[in-house]
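Q: I have a protein model open and would like to go through some of its features. Could we take them one at a time?
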Amino acid sequence: MHTKVTPIDSYPKYWAECYGTAPFLPTSRKEMDALGWDSCDIIIVTGDAYVDHPSFGMAVIGRLLEAQGFRVGIISQPKWDNKDEFMKLGKPNLFFGITAGNMDSMINRYTADRKLRHDDAYTPNNEGGKRPDRAVLVYSQRCREAFKDVPIVLGGIEASLRRLAHYDYWSDKVRRSVLMDAKADILLFGNAERALVEVAHRLGNGEDIKSLTRIAGTAVMVKEVPEEYKEIDSSRIEKPGRAMVMPNPYATEENCDTNKQEQKNEAKVVRVQPSRHDAKTTVVRLPSYEKLANDRILYAHASRVMHLETNPYSGRALIQKHADRELWVNRAPIPLSTEEMDFVFGLPFARVPHPSYGKAKIPAYDMIKTSVNIMRGCFGGCSFCSITEHEGRIIQNRSKESILNEIKDIQEKVPGFTGTISDLGGPTANMYRLGCSDERAEANCRRPSCIFPKICEKLNTDHKHTIDLYREARNLKGIKKIMIASGVRYDLAVESPEYVRELVTHHVGGYLKIAPEHTEKGTLDLMMKPGMGTFDRFKEMFEQYSQEAGKKQYLIPYFISAHPGSTDEDMLNLALWLKQNDYQCDQVQNFYPSPMCNATAMYHSETNPLKKVKYKGREDLSVAKGERQRRLHKALLRYHDPANWALIRDALISMGKKHLIGNRSSCLVPPPGTEAELTPAERRGSGRHGSKRFATKHPNQPDIRKDGKRSPTTRNGKPTVKGKPSANGRPTANGKPAGTGNRSETSGNKRPHNGNNAGGRNGKPAGHTNRNGKAGRPNKPTRSRAGA
């Protein structure tokens, strides 16, 4: 049923294979000379420091091309004020591969409040300012200046999420496709190994790059729609404000299950309703860039159509006019098979930074040097996350043998390895070997999420493969501890109590992070996240199994403030829930509108693209855009911080909630004047939390002193441990019990983290990626989510 493709390890080797494997890909002429090279076939320009590790894009792509026989050089974090550093390795024989790095350069450089960052986890000594804003554009320009006739291939998270006309948060406008602005020849999106290998070999065989127009997972500029394609206007599929003029081809998501008659007779074959339009011969025309730039409702429509065309087996190519030129975006790439994933992760990585950095610390590397990526992709579909748009919904798995071999490789290669593996994970810790149980349904499904509003009946949720992997990994010789640091999809985990027991008993180092994101049903529905009833069930299981194991362990919940659709009252209810349950969140992030994700379309259009978009009768959303309102939403999540009390008091008075100001247990903040009684440390928001004040923390967690011993937690001389919080009874903003009145009890979805393509994965390098455009953490230096 699935499309047959050429395995990435089956191409005839390029002639330069005779040079063998380099200890590190060369970054200078001196290193090239030591390898006996007179030139590079391909040069990768990246905004990250060069770390030869499978969580860094330039390393994955470089080693993959090397395995194909090509000579690959790396220009890492070049000075971009002139072309000189772009010429230091000479002229590449085939092409320049350009990536901003593991993270989107704008997210790397600016906070959610558009404030300048002064650090960079992907740079030696955490130094900021080593990459330009919109790095893909700047690097492309300099490469053109250096060697005008050399083809330019774009990749990485920054290029991947900007492949179409897109809303840009930093300029607050819709921008053109990055392919057009960069004046590059071709753009690779998603997990780009398959497309990259084909592009490299075809160029190596003498083909003109202008002829490479039909490769899945690529975008190019064309003059017109090819004759063999039938063009369908997106407004005919789902016209904003008008009734459908033809049967909805997206109805496949509703028809993938058996019909009523078949449900009565389980012996009958499941029928799958395919699209009316063959994906191989039809292309969907999206509204032009010029139209989207001036019509936010049309933008929401275009975003919705784009998201419904992401299935690599049945999704159709997209075309979008930019002035007098046509942007052609081919179908999504076919996911890598387990054998291909094993091949990629089995490449000869040194697993350490390039020697030229000496003893400089690279925080992103330190975070993931002993972690192992076991899978890619995410079928959760969280609207604020860009993992699905980048890596896809279909999980790409490594074999157990490949994963165990990498653990052994870590033992041999990572300096100072102590016997602890920091993570076995991916975008989500517990989606390994999970997926659709019906191949035909999977090939035609257009649902944005397999687990929202409830878990699909066709989804395999058996965690047995993950459990077996954990058990074998921790029994390897020399391994003392296997930690699970990737976020756990608790709505999936509750389907497997055995998995939760295994996780809690053996793989939690005191704290386990999960992401409820919010408590209110309306906001959770827009996030495509499960309700708090699911969180409560997981919390009960976590506490039960922790107690049985004789361990004191704590859940670390993450929440997003200022998400589109979240009102001031929603945020107030969330704050009251946090206080009722004795949570103090010191790690809080305002929603960050990264390119392409559904929540960004909500933010820009102020309407809901998860439903049919209409000019009249549409679902308008409350969106926190002004600085004061965004500050308020963030402050409510940190209700315990004295610095926020004045802002919260003003808001409560304006909302008619003055009764929530006072010293009673049901109040959110104390009355005016309380700040004067605080110590300087408490006014700064430090003191009790010390160096851990940036971590989301439950007050019942004991602090750890510098001597390693636990010390009692106090505030104003009184212990903050209040025992078991009451389950109900405290009033919320709407008069209902906190945490109960506005919750969704449905099972929804959870979150992801990595990715991969010619430039990097959404959080991970060209082989991995993160969820907001934050080309996400290499295996986790940063939270992989649009709101984090």
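Q: Over which ring does the charged end of R433 sit?
A: This is a predicted model. In it, the charged end of R433 sits over the ring of Y432, at 6.0 Å from the ring's centre.

Q: And the charged end of R163, which ring does that sit over?
A: That ring belongs to F189, and the charged end of R163 is 4.1 Å from its centre.

Q: Staying with rings, how many aromatic pairs are there?
A: The count comes to 22 aromatic pairs. One of them is formed by W15 and Y19: the ring centres are 6.4 Å apart and the planes meet at 65°, so this pair is edge-to-face.

Q: What kind of pair do F591 and Y603 form?
A: F591 and Y603 form a tilted pair, with 6.2 Å from centre to centre and 45° between the planes. The pair links distant parts of the chain, as the two residues are 12 residues apart. F591 is in the loop between strand 23 (589–590) and helix 24 (598–605), while Y603 is in helix 24 itself.

Q: Why does F591 count as buried, and Y603 too?
A: Buried means under 20% relative accessible area. F591 has 0%, so it is buried. Y603 has 3%, so it is buried as well.

Q: Which residues do ring pairs link into a cluster?
A: The cluster is made up of Y490, F535, F538, F542, F559, W577 and Y583.

Q: New topic: in what order do the strands of the open sheet come?
A: The open sheet has 10 strands in the order 2-1-3-4-7-8-12-11-10-9, and their pairing is mixed. On average, and with direction ignored, neighbouring strands are turned by 25° against each other.

Q: How many bridges join strand 11 to strand 12?
A: There are 5 bridges between strand 11 (residues 317–322) and strand 12 (residues 325–329), and the two strands run antiparallel. H322, for example, has R325 in strand 12 as its bridge partner.

Q: Which strands does helix 4 touch where it packs on the sheet?
A: Helix 4 (residues 135–146) touches strand 1 (42–46), strand 3 (95–99) and strand 4 (152–154). The direction of helix 4 makes about 160° with that of strand 3.

Q: And which ones does helix 7 touch?
A: Helix 7 (residues 193–204) also packs on the sheet, where it touches strand 1, strand 3, strand 4, strand 7 (186–188) and strand 8 (218–222). Its direction makes about 145° with that of strand 7.

Q: What does the UniProt annotation "binding site" cover?
A: In the unreviewed UniProt entry, that annotation covers C378, C382 and C385.

Q: Where are C378 and C382 found?
A: C378 is in the loop between strand 14 (375–376) and helix 15 (387–391), and C382 lies in the loop between strand 14 and helix 15 too. C378 counts as buried because its relative accessibility is 0%. C382 is buried, with a relative accessible area of 4%.

Q: Last one: which residues are buried in helix 26?
A: In helix 26 (residues 645–654), the buried residues include W645, L647, I648, R649, A651 and L652. The helix is followed by G656, which has a positive phi near 75°.

Conventions: Residues are numbered from 1 along each chain as its sequence is written. This is a predicted model: local features need pLDDT of at least 70, side-chain atom pairs count only at pLDDT 80 or more; totals for chains, interfaces and linings use all residues. Side-chain values use heavy atoms; hydrogens and water are left out. UniProt positions are given in the numbering used here, feature names are shortened, and annotations may be inferred rather than shown by experiment. Helices (H or I, at least four residues) and strands (E, at least two) are DSSP runs, numbered from the N terminus. Buried means under 20% relative accessible area, exposed over 50%, partly exposed in between (1.4 Å probe, protein chains only). Two strands pair if DSSP finds at least two bridges between them. Axes are lines fitted to C-alpha atoms, for helices over the stretch in contact, and angles run from 0 to 180 degrees between N-to-C directions. Contact means heavy atoms within 4.5 Å. Rings of Phe, Tyr and Trp (its six-membered ring) pair if their centres lie within 6.5 Å; planes under 30 degrees apart count as stacked, over 60 as edge-to-face and the rest as tilted. A charge sits over a ring if NZ of Lys or CZ of Arg is within 6 Å of the ring centre and within 35 degrees of the ring normal.
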